[in-house]
Amino acid sequence: MNELIGRKEYLEQLAMWRDEKVIKVVTGVRRCGKSTLLELFISALKEDGVSDKQIVLVNLEDEGFSELLDYKKLHKYVETRMAKGKRTYVFIDEVQNCVDYEKAVSSLHLKKNLDIYITGSNAYMLSGELATKLAGRYVEIDMLPLSFKEYGEAVSIEDKRKRFASYMDMGAFPYSTKFADNSLAHSQYLEGIINTVLVKDIMTRKRLSDVTLAKSIARFLSSSIGSPVSAKRIADTLTSAGRPTGAATIDIYLEALVDSYLFYKVHRYDIKGKMNLKTESKYYICDTGLRNMILGTTGQDIGYQIENIAFLELLRRGHTINIGKAGRDTEVDFVAVRDKQTEYYQVSASVLDESTLERELRPLRQIKDNHPKFLLTLDEFSSDHDGIQQINLIDWLLQ
């Protein structure tokens, strides 16, 4: 299969913002393909006539660039390599490794004929001085591991249902697809990712010290996909298991796990009252293969896994997502908003059983507005339930 997977949607986003006077910030969990995306975009620039002299590429994970971890040296390095009289395209990979990098980036942004692209593996990088100095002058592109459609470019599994089973169990970090036939190597690779994220992006970046606690919380969240979670509930669970922990401490670690793009926090929303609810949120992991590795399981909890996959796909498609409170005791899995258009989604492994079908349709039927409503399942057929569209999840992912 292809050595480099196209990542078409992300390339289109970079192309859309090319030469605009905003810093392009590509964020996402480690190893999701940010560096490869820069390579692909640089290749596209060269095909469009941009010369090597107009491109400055710095990878701050590379030991060869270690002296550029000083922001003043990083600034000077880029400044002395600017092409005279032509636009220079600057790419800085894993920029958060440079202490006070925002000082270099914000200063470079002032220069004419400079188009800046940076990547980072921690949302914390956008919560500090960069966000303050460059409010309205940067655009964030949140990158995820491969979509199911992209996964088809990476593996040689013709049958789409078998391919989906592999996608769900093994996950979709681009490089991990090389180990689709070697479960040991695959597990070791994913374990390397989780350990790197915990150490570099959580413990070091956030100055936290308890790796075991971080792993315990990650395990709790992984086992609670699709269920409401609070810091107090996690603290109570760990305390009852013989590890006394306070909710305030859990909150700090939860924020760090989200900032590392390992998990996504989704708030609950009262559809009728049109307001966010401050009660328990839900968490979804960036990759179901990573979840299976953390829990040591595969092929289980299919309902929760496909709900997680649907969430990530809606995120890829540019939706803002909430959990929808439909009635007193009913919820819609996702309220998805894009371009001021709202859609409602329920996700279920199968609704062949009549009582299951009615249970899944009930929250959607309680919503009295006319926004599109969808029921995603693994059942082979599509159907219309009084305007609620039942769609096969695999076909929906391939749209």
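Me: How do the residues lining the largest cavity divide into nonpolar, polar and charged?

Reply: They come out as 7 nonpolar, 2 polar and 2 charged. Ala, Val, Leu, Ile, Met, Phe, Trp, Tyr, Cys and Pro count as nonpolar, Asp, Glu, Lys and Arg as charged, and the others, Gly among them, as polar. Bear in mind that this is a predicted model, where local features need pLDDT of at least 70 and side-chain atom pairs pLDDT 80 or more, while totals for chains, interfaces and linings use all residues. Residues are numbered from 1 along each chain as its sequence is written, and side-chain values use heavy atoms, without hydrogens or water.

Me: What makes that space a cavity, and which residues line it?

Reply: On a 1 Å grid over the protein atoms alone, a cavity is a set of points where a 1.4 Å probe fits but cannot get out, whereas a pocket is an open set with protein on both sides within 12 Å along at least five of seven lines. Grid points are joined across faces, edges and corners, and the volume is the space filled by probe spheres set on them. With a cut-off of 30 Å³ or more, the count is 1 cavity, and the largest has about 60 Å³. Lining residues have an atom within 4 Å of a point; among them here are Pro145, Tyr167, Cys286 and Arg316. Helix α13 gives the most, 3 residues (helices are DSSP runs of H or I with at least four residues, strands are E runs of at least two, numbered from the N terminus).

Me: And what sits in the second largest pocket, closest to its centre?

Reply: The volume of that pocket is about 550 Å³. Of its 25 lining residues, the closest to the centre are Asp142, Tyr264, Leu315, His319 and Thr320.

Me: How do you know whether His319 is buried or exposed?

Reply: Buried means under 20% relative accessible area, exposed over 50%, partly exposed in between (1.4 Å probe, protein chains only). His319 has 7%, so it counts as buried. It lies in the loop between α13 and β8.

Me: Why is the pair of Phe148 and Phe164 called edge-to-face?

Reply: Rings of Phe, Tyr and Trp (its six-membered ring) pair if their centres lie within 6.5 Å; planes under 30 degrees apart are stacked, over 60 edge-to-face, and the rest tilted. Here the centres are 5.6 Å apart and the planes make 85°, so both values meet the rule. Phe148 is in α6 and Phe164 in α7, so the pair ties together parts 16 residues apart in sequence. Phe148 is buried at 1%, and Phe164 at 3%.

Me: Then what makes the pair of Tyr345 and Trp396 tilted?

Reply: Its centres are 5.7 Å apart, with 55° between the planes, so the angle falls in neither the stacked nor the edge-to-face range. This pair links strand β10 to helix α15, 51 residues apart, and both residues are buried.

Me: What makes Arg81 count as lying over the face of Tyr77?

Reply: The rule wants NZ of Lys or CZ of Arg within 6 Å of the ring centre and within 35 degrees of the ring normal. Arg81 is at 3.6 Å from the ring centre of Tyr77. Lys24 lies over Tyr117 too, at 4.8 Å.
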